[in-house]
Amino acid sequence: MSPYKVLIVEDSPTMRQLIVFALKRVRGLTLVEANDGVDGLKKLSGEKFDLIFTDINMPIMDGLKLVSLVRNDPGYKSVPIVIITTEGANEDRERALALGANDYITKPIQTARIVDVAKRLLNM
Amino acid sequence: MTEKGEDRVTKRAEEFLQVFKKGAEFTQDLLKENERLRFQILKMEEGLKNDLEDASPESETEKLRERIAELEREKQQIIDRIKEVEAENLDFANRYIDIETENNNLANLYIASYQLHSTLDFKEVLQIITEIIINLIGAEEFAIMLLDEKTNKLQAVAGEGLDPGEVPTISLGEGIIGEMAKTGENYFIEEMDGYIRDLRHPVVCIPLKIKEHVIGVIVIYKLLVQKSRFAEVDYELFTLLAGHAATAIFSSKLYSESERKLSTIQGFLDLMTK
């Protein structure tokens, strides 16, 4: 049984696959995928996660809304959230961090960076 | 003197003789011991003399010098070995970084390739190409143009950050885009700084090729704000896109056409059999 459970919220299957591919290199992670913010929230309500990766620009519910809702949930107040996005402007980063995100990764993504951030936030 | 008195004198004389004998034996023992100790002293003096001769200041200094030289040699050997190990460590660290980068690049290429061939739906293929260009290359404004083989003109069929309808139709051989489509060569602008978007003159133009047959081009006008220049892997991705995206587009178009034809034939057969 893997000790850490990670939720990946991303509408692009290519990106999702790339993030999963990167995180599979870290032993001890169970990876769960969600297509958008709403799907992510459903999965969060069903089981307990230790780390969340989310995109910002997604249909139905964007990543920032998801971060805000997750941070208002007492059960997920301290769960680390990482934003993965194309939005590279400083104000976007600051907005995401102010909402409660723990890290901010800009695309094009480097799998090594995803692995480093996951290990750091999970204290591995 | 009485007989009794004589006996007593004799007895005393015998006792005296006994004591005298013991004294004589003791004296003998002392003399022997004295002799032995003298011999020991002589031996020790001789040994000491030899030691003092051996331990002359010159020879001792020489010995110390040799030892220092030996230790210096050992120290140099250790320093050289440490340098070697440090160089090896640096080499390993660099190799690790190279392997990590290569691994990352291969992961990107593998996923791009896997996704491109995961569907036969034309629109989905275009969507996947779009996602690859955004997420793996880091482009913000770009278009996918396909060549109409009847008119020999390139027309945008999908795009990001711009309306494909904005992109002008380009004839084969016309301008940078038409020229690249004609020759099948990749185009990268020399200087990206200060570039102002010109829909006829992109930053990058990548022909989509099946072997040497060009079926369209990808034109990029702007990169994401955090991406200042292309990385090594981008050129590999462009090469991969040129081939795999072309075959994926071509196969999906063929599949759509065959599906359409099949549906028409099916409809015709249904009409005939009714």
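**Entry 1: between the chains**

I started with one pair of side chains, B:Glu100 and A:Arg25, which meet in a salt bridge at 2.7 Å, N to O. I note here that the model is a predicted one. I then looked up the count between chain B and chain A, and it is one salt bridge.

Next I looked up the contact as a whole. Chain A gives 20 residues to it and chain B gives 21 residues. The two chains bury about 1,700 Å² between them. Of that area, 55% is on carbon and sulfur atoms.

**Entry 2: a helix of chain A on a helix of chain B**

I looked up helix 1 of chain A, residues 13-23, against helix 2 of chain B, residues 57-116. Their axes come within 10 Å and cross at roughly 140°. I wrote down that helix 1 of chain A is therefore oblique to helix 2 of chain B. The cut-off matters here, because only angles over 145 degrees count as roughly antiparallel. The crossing of helix 1 of chain A and helix 2 of chain B is right-handed.

Which residues make this contact? From helix 1 of chain A I listed A:Pro13, A:Thr14, A:Gln17, A:Leu18 and A:Phe21. From helix 2 of chain B I listed B:Ala107, B:Asn108, B:Tyr110, B:Ile111, B:Tyr114 and B:Gln115. Sorted by class, the residues of this contact are seven nonpolar, four polar and no charged.

**Entry 3: helix 2 of chain B inside its own chain**

I stayed with helix 2 of chain B and looked up helix 3 of chain B, residues 122-137. The axes of this pair are 9 Å apart, and the packing angle is about 165°. Helix 2 and helix 3 of chain B are therefore roughly antiparallel to each other. Their crossing is right-handed. Helix 2 of chain B contributes B:Asn108, B:Ala112, B:Gln115 and B:Leu116, while helix 3 of chain B contributes B:Val125, B:Ile128, B:Ile129, B:Ile132 and B:Leu136. I sorted these too: seven nonpolar, two polar and no charged.

Then I looked up helix 5 of chain B, residues 232-273. Its axis and that of helix 2 of chain B come within 10 Å and cross at roughly 15°. So helix 2 of chain B is roughly parallel to helix 5 of chain B. This crossing is right-handed. Among the residues of helix 2 of chain B that meet helix 5 of chain B are B:Asn105, B:Asn108 and B:Leu109. On the helix 5 side of chain B they include B:Val233, B:Glu236 and B:His244. The classes in this contact are nine nonpolar, four polar and one charged.

How many salt bridges does the structure hold over all chains? I found 17. I also looked up the pair A:Arg113 and A:Asp103, whose side chains meet in a salt bridge at 3.5 Å, N to O. A:Arg113 lies in helix 5 of chain A, residues 111-121, and A:Asp103 in strand 5 of chain A, residues 103-106, so the pair ties together parts that are 10 residues apart in sequence.

The loop between strand 5 and helix 5 of chain A holds A:Pro108. The peptide bond from A:Lys107 to A:Pro108 is cis, with omega near 0°.

Last I looked up A:Ile60, which is not a glycine but has a positive phi of about 70°. A:Ile60 lies in the loop between strand 3 (51-55) and helix 3 (63-71) of chain A.

How values were computed:
Residues numbered from 1 in each chain as written. Chains lettered and ligands numbered in written order. Predicted model: local features only at pLDDT ≥ 70, side-chain atom pairs only at ≥ 80, totals over all residues. Heavy atoms only, no water. Axes fitted to C-alpha atoms, helices over the stretch in contact; angles between N-to-C directions. Helix = DSSP H or I, 4+ residues; strand = E, 2+ residues; numbered from the N terminus. Parallel < 35°, antiparallel > 145°, perpendicular 65-115°, else oblique. Left-handed = near helix turned anticlockwise from the far one by under 90°. Contact = heavy atoms within 4.5 Å. Nonpolar A, V, L, I, M, F, W, Y, C, P; charged D, E, K, R; others polar. Buried area = accessible area lost by both parts, 1.4 Å probe. Salt bridge = Lys/Arg side-chain N within 4 Å of Asp/Glu carboxyl O.
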